[in-house]
Amino acid sequence: MSVLTNWTFRQAPYQQQQSQSLLYSSFLREAWYNATPERHSHQIHIDLMYNDLIPDPFVNDNELNISWVSDLTWEYRCLFDVSVSQRQAYLVFDQLDTEAEVELNNEVIAQSDNAFHKHVVAVNLTLKNDLIVKLKSGVELGKKLENEFGRCECWNGDCSRVYVRKPQFQYGWDWGPKLITCGFGKIELVTENYVDDLFIRYKLNEALDQAHLWFEVESILFTPVVRATIEISLGEEVIDVIELDQVDPQMNISYVLEDVQLWWPIKHGKPNLYNIKLFYKDKLMSCKFIGFRKIELVTTPDDYGSSFYFKINDKPIQMIGSNWIPSHSFISQVTKQDYQEYVDLIIDSNQNMIRVWGGGHYESDEFYQLCDLYGIIIWQDFMFACGIYPYEPILQSVQEEIKNQVKRLRNFASIVFYVGNNEDYQIADALKLDKNNVSQFPAKPIYEDIIPVVLTTFANQVAYRFGSPYSDDVHSSYDLRFGDSHQWDVWHGRRLPYQAWPQLSARFISEFGMLSLPEYSTLSKYITGENQLYPDSNLINFHTKPINKGNLGYYIWSNFNKPESLNLQDWIYLTQLMQSEAVSLAFRYWRRQWNQFQCGGVLVWQLNDCWPSVSWSVVDFEKVPKLSYYGMKRELKEVSVAGYRAEEEEEEEEKGGVFAGQTVFQESRVKFDMWGFGNVCNLTLIVEFYNSDGDFVDEYKQNGIDFEGNKVNTIMSGATFDQLKKNTIVYLKLSKDNIMVARSSDWPQPLKKLNWEKLTSNLQIDIEYQGSGQFQLSTNKPVKALQLYFESARRYRFSDNGIDLFPGDPQVIQVIDLQEEEIDKIKYRYLNY
């Protein structure tokens, strides 16, 4: 088996229907160009850039100048030789995006119109071979089918996309560009015995300590195999070796594994992975890692509607994490190292679940392998998003797609949950369509019949829901009492303040978010003119794709006071601070709703970006964490403490005097709740109260607090303190044996209520370098959102940032891989208006 490389490409020879498009071509028609070398996969935009035939579409507004690329037909060519003994062979196509016709030595051997299909094609080779892959982006196909079958409604992009089985985000989304590309994944030449699939099907006993295994093997055999072995190991220990004296193209070998070590999600146990190796004679043919786990999605009626939470290995676990979109508009550019860096970010921010969103693509094996290894739980959408999809025109293709992808993904322990689509039921609800009527909601059989059957037939035990958000066949997807919810009444919808999160909880919040700008270093890399590096410039607006982009200013000035002047760095800081406040408070309040399983999970929209964008991401396109990333990291710590104030208007009726017959309103009475998470005993809590000038007023202390793991530990509810007023700043400190284990603060909201001039007067912040990239920060007054930064081009990551700092409690922030020559260049900013 070998991967075909050394490709060339060209614009396909002139065709009448392309005459208009060809007018936009700026290079030699029909000339062969070298594709990007040493790549297993290719996309036309990347190879055109490699040859300097188009500009980088991520820079400035270049996206607008290269739309013609999607209108043309392209050809890729690979010339390869084989020996006489290799003339009988197979070609394995990992992906063909989107309309593809494959010719081998002038004979058509394969055709495809689905970017999510795998193709295994038997071929007869000659000693010298000419392989040509002809590709179209799918734009023309979508328009043709739309004209034939009628327009379908959608949100985001040209609605003809619903007829085309390719990554839907390429058509443009409210966080990404319109870059409809074409290309192909890895193409392998198979000339000797080859294992096409090794699936380890299993069933656990009730005690979860024994697994009945079935090794299902599909092989392409060129020569007979008289001996084979299956080796089962865990870590360094070989548990057993199964001997086979006959190998057939299809085999099913059963085995009982005793004393099973289960796969557990991160922070709930060890993600044990068994290594299964298949040898034909002494040659390793396939190697799979398998984790054994039991999955249950609990949806039972209760006092709040119907529950929606997961049990892993019979243990209820609240899911906390983020939504994953494609990490690059051109997937061929994403490396295993990129995936490793993203997974490191996920782990470092204390997340346990990632939702692979349905408008992108099924991720590569490397991504899921890393999630298996580290115990990251995967919610996997099927690739349908924000549209009323047709049925008949795509049915046969979709059936094959679902089968291909389920068979590819089914060994990954991390994938515990599949969902039929993203927001397709919700767009039907918004349009007031009857979701139970296939004439109004044609794709219903795909989500409710076809996908469940494929999962039951081909996969190990997983949970499945028809869509996200989805309640049931009676309730609307907007009903917060049932199913999962996309909570967009903050930003979209009613444009509610993010301080309203406690009233907007749901049974599982699979989307919510707040917009912000990326780091200045990211913007300045992709916006090349300094005259465009200011708030609300044309190019910054161009990289801001939401149609309601004006909401950003609405939320900023609803929460912060306007300064006299505002440069781009200040604007970035304000947007990131506001996003951090919104995201942090959401996790704080909704994590608390794990009590009685009122909220089974919280996933922020979104983790990452596919291009340099002003978006909802908590990590920008250059993998630079925003302040919201650090905010959620603090809220999701294993040991944490939090508080929430509620104001009650008190009124009393006067019986006589000058107030007779009048209602007199007194100052609001403030009640305070405190709770925490962790599995630790004998904690000490100190609550400090500061007035609006930043002066210390008083403190409350409580000893002997015990936290129980995997539950909401209520410290106090509805408590009142004489020193707690509407404008009081509250600081919570949790320690064990005089060592700080958790901090939190509760500030009057919105923050613009405070007199920042007084609060920051006579403020003194000290920063002391302690070596190994560590800086100790201290203050004489409360500080909101203290951010460390460098003005150099180097993109540093921090152990924490955007912190609230209080007197008498120094905090240490580490700058990862800090260069010694930049120690003195560290700067800081904080909210002061």
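This is a predicted model: local features need pLDDT of at least 70, side-chain atom pairs count only at pLDDT 80 or more; totals for chains, interfaces and linings use all residues.
1. Strand 14 (residues 183–184) and strand 7 are paired in the antiparallel sense, over two bridges. The open sheet they belong to has three strands in the order 4-14-7, with antiparallel pairing.

2. Next, have a look at Trp7. Leaving aside residues up to four places away in sequence, Trp7 touches a set of residues including His42, Tyr76, Arg77, Cys78, Phe184 and Ile187.

3. Trp7 also has a place in the largest nonpolar core, which has 193 residues. Together with Trp74, Phe382, Tyr447, Trp501, Phe512 and Trp590, Trp7 touches the most other members. The element that gives the most to this core is helix 12, with 14 residues. There is also a second, separate core of 32 residues, with Ala211, Ile242, Val247 and Leu278 among them.

4. Helix 12 (residues 568–592) deserves a visit for its packing too. Its axis lies 10 Å from that of helix 11 (residues 551–559), at an angle of about 80 degrees. The two helices are therefore roughly perpendicular to each other, as angles of 65 to 115 degrees count as such. Helix 11 makes the contact through Leu552, Gly553, Tyr555, Ile556 and Trp557, and helix 12 through Trp571, Leu574, Thr575 and Met578. By class, this contact has seven nonpolar residues, two polar and no charged ones.

Methods. Residues are numbered from 1 along each chain as its sequence is written. Side-chain values use heavy atoms; hydrogens and water are left out. Axes are lines fitted to C-alpha atoms, for helices over the stretch in contact, and angles run from 0 to 180 degrees between N-to-C directions. Helices (H or I, at least four residues) and strands (E, at least two) are DSSP runs, numbered from the N terminus. Angles under 35 degrees count as roughly parallel, over 145 as roughly antiparallel, 65 to 115 as roughly perpendicular and the rest as oblique. Contact means heavy atoms within 4.5 Å. Ala, Val, Leu, Ile, Met, Phe, Trp, Tyr, Cys and Pro count as nonpolar, Asp, Glu, Lys and Arg as charged, and the others, Gly among them, as polar. Two strands pair if DSSP finds at least two bridges between them. A nonpolar core is a set of buried Ala, Val, Leu, Ile, Met, Phe, Trp, Tyr and Cys residues joined through side-chain atoms within 4.5 Å. Buried means under 20% relative accessible area, exposed over 50%, partly exposed in between (1.4 Å probe, protein chains only).
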